[in-house]
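Here is a model to walk through step by step. Have the sequence and the 3D view open as you read.

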Amino acid sequence: MDSLDKQLSNRIAVKIGAMAKIWVDGVEYEVDEKKNLIDALKEKGVEIPHFCYHPKLSVVGMCRICLIEIEGVPKFQAACNTPIKDGMKINAFGEKIVKAREGVMEFLLINHPLDCPVCDKAGECRLQDYSFKLGHETTRYKEEKRNIPQEKIGTNLYINHNRCILCYRCVRFDREIVGVNDLEMLSRGNDTIIAYVPPETEKEKSPYLNHNYQGALADICPVGALLNESTLFRSRVWWYESKESHCHGCATLCRVTANLKNNAIYRYMPPQHPERDGYFICDYGRFSTHDFSQNRLYAYRRSGTKIRSQEALAQLAELLAQAKRIAVLGGGSESCTDVDALAELVGKLRDAGKTVQWDFRSNAQAFYSGNAQWDFLLSKDLRPNAAYLRQKNATDFADFTALEKELGQAELILVVGELSPPYAYQTGKIYAHVKGLKIPTSVEQTELYQALDTHNAWPKTVLLTTHADSAADKALLAIPIQSFVEKSGRFCDKEGNFKETTVLLRPVQGLRSSGEIWQSIPALEPVGVA
Amino acid sequence: MATIQVNKKYAFRWYEKFYFMSITAGLWVTLKHFIKSAFLRRMVTVQYPEQKKPLSSRFRGLHRLKRNEKGQERCTACYCCQWVCPADAIHIVAAEVPPERQYLHPEDKYAKVFQVDLLRCIYCGLCEEACPKGAIYLDGGLPLPADSRDALILNKEQMLEPTGGPIIGERL
Ligand code: SF4
Ligand code: SF4
Ligand code: SF4
Ligand code: SF4
Ligand code: FES
């Protein structure tokens, strides 16, 4: 993984070279010599159409839509594959070159069904945009178009061969970014297709492509050839309201564009400014958002029966005042403000002479040692604010066994968001495939739940959670809190940068964040004194 | 404050002040129509719904879903009509075509549920205009009254033209 990281950072590292003067359609631009021509001109506001070129992938020059004419060069050149030279005179939008692009477009569309009404990519499809801008309204192709049925190639990935324009982006992405050699171009000429070929290094050959970046594959495919099963036919792209925020999935805190509809998150997409915020996001974060709007807990509960909030908070204050030995589990899914409030409470309790042990990790995996990354993006800290909790020293247990032992001994256990989806478990079909990571599909399967069961610790557990599951029924007190996407807040990523999230979903009125819960405990003051 | 001066050009004569002449003239029209319809059988009212008047070919009435030349459903659940509908009257659920229905659809996506709420629809015809497949037309004639609200939500079976001969989905 390290070598992968290095590879990637090498590629990402901005190469800065001398400035070169070039002329595009008679207009002079000063651009960086080391940059790719398409990128350099894009910065200046000149958009050269391209399909196969991607700033983070190697250049192959396969689609030929980026053709340009260079003065002194007899043939048209592919812009993506042309080094910038000082004094270069480019004809990018002249009559001749536009005609050439029209020709390329016609070739690309030979086998393309243009079935936009059926295609999930419609609305964000580059081919659709360009054929609107550059293409002909009619086709001269009279022969039968090839027709290969849609096929499932990944655990969450479909390929529609007819739509594929053979730009090779998917193959390059898997090889260069993900680091697996599992997609191939098979056959030749008119019969060429993209196919999944299990990598030779894999011991158990999986029938389907199964890495953690199948969503990203569908993103980088410039047409609707690669589509995710989890979103297939579920909606259309122009229906969403888009808001930028950060992913809830892990301590990497990738910037994402959330697609929202009917107060639910439909999916995460890469950010609006990928040059700054990163081009890719992983499946683990991307496809685990549906739980945020399902089966929510809105009422305070005492052993499964609904009670009023004042009663619950009063009881919580009493419990805190009486207990001598307290275990606080969690906080990693809460914003810095919330964590600060919790830290203050913990401090006060400690000042009052109580033994308080606080750890934000609640399953065996979270106590990892060594490599902190699952892959080049996904961190092993699967809580967005994990880094901040490390700063707050919320790491009192050596490992999960120590935590389990404490469950038996503590007089009061506070669980803060650690039994809520999508952190502790995820309902429905799991689309993230991270090798080595098992994601429970119900609260009963989580290690913490089982540990609480074995130690018979439910009657002394106060649960701050977002979901109305059986844990909320069993706990002595279940207190509803806002989820990650229902509040804005500051979070600290694994590199120590603070990032601000946005409110994505409207919270139910009166629902408090965990920080507000800590602040609104009526008898909090006497606790410190007692 | 300006006042408008109205010049009454016409002054009633003394016999006109009884309005007898005008009333007789008005009643004569009524009588004429009465005689026409009652004795000469030239009726002005139509005995709807037994009798129907011909509708204009551009008349926007009930929604119809069309089939293509092979008798397959044209609609592919692209949601364009639902998106454009200003009254929010269309409800579609798209799904992948199951193998046993394959012969009914030219594509691999179809409308599992397609409902039009006639109580919401304003018969604007935008859905017809938006459809890229020529699948929906408002050429089903006049909407009939119904005695429950549910009966006024058209489902796919009610709207689909019966299977059989090719139907050119274009308006005449
Ligand atoms: S599947 Fe998409 S990304 Fe891959 S070669 Fe075809 S068009 Fe390009
Ligand atoms: S790497 Fe982490 S933050 Fe980024 S998309 Fe995946 S889960 Fe979300
Ligand atoms: S006619 Fe207008 S209001 Fe009625 S369903 Fe079509 S788009 Fe909607
Ligand atoms: S009727 Fe036409 S516009 Fe409406 S979903 Fe079907 S194909 Fe699309
Ligand atoms: S973008 Fe240059 S050849 Fe495809």
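How exposed is Y15(B), going by its relative accessible area? Y15(B) is partly exposed, because its relative accessible area is 37% and that label covers whatever falls between buried (under 20%) and exposed (over 50%), worked out with a 1.4 Å probe on protein chains only.

Before going on, a word on the ground rules. This is a predicted model, where local features need pLDDT of at least 70, side-chain atom pairs count only at pLDDT 80 or more, and totals for chains, interfaces and linings use all residues. Residues are numbered from 1 along each chain as its sequence is written, chains are lettered from A and ligands numbered from 1 in the order in which they are written, and side-chain values use heavy atoms, with hydrogens and water left out.

Let's stay with the rings. Over all chains, the count comes to 16 aromatic pairs; rings of Phe, Tyr and Trp (its six-membered ring) pair if their centres lie within 6.5 Å, and planes under 30 degrees apart are stacked, over 60 edge-to-face, and the rest tilted. One of these pairs is Y10(B) with F12(B), edge-to-face at 5.9 Å centre to centre and 85° between the planes. Y10(B) is exposed at 53% relative accessible area, while F12(B) is partly exposed at 45%. Y15(B) has a ring partner too: W14(B), edge-to-face at 5.7 Å centre to centre, with 85° between the planes. W14(B) is exposed, with a relative accessible area of 64%. Over in chain A, ring pairs tie F173(A), Y213(A), Y279(A), F280(A) and F376(A) into a cluster.

Now for where the two chains meet. Each side brings residues to the contact (heavy atoms within 4.5 Å): 13 from chain A and 13 from chain B. The buried area, meaning accessible area (1.4 Å probe) lost when two parts are put together, summed over both, is about 1,100 Å², with carbon and sulfur atoms giving 63%. P117(A), F233(A) and W239(A) supply 50% of what chain A buries against chain B, more than any other three residues. Zero salt bridges turn up across this interface, counting a side-chain nitrogen of Lys or Arg within 4 Å of a carboxyl oxygen of Asp or Glu.

Finally, the ligands. A residue belongs to a ligand's surroundings if one of its heavy atoms lies within 4 Å. Ligand 1 has 13 residues around it, and C164(A), C167(A), Y168(A), C170(A) and C221(A) come nearest. Ligand 2 is surrounded by residues including C247(A), C250(A), C254(A) and C282(A). Ligand 4 has 14 residues around it, the closest being C75(B), C78(B), Y79(B), C81(B) and C131(B).
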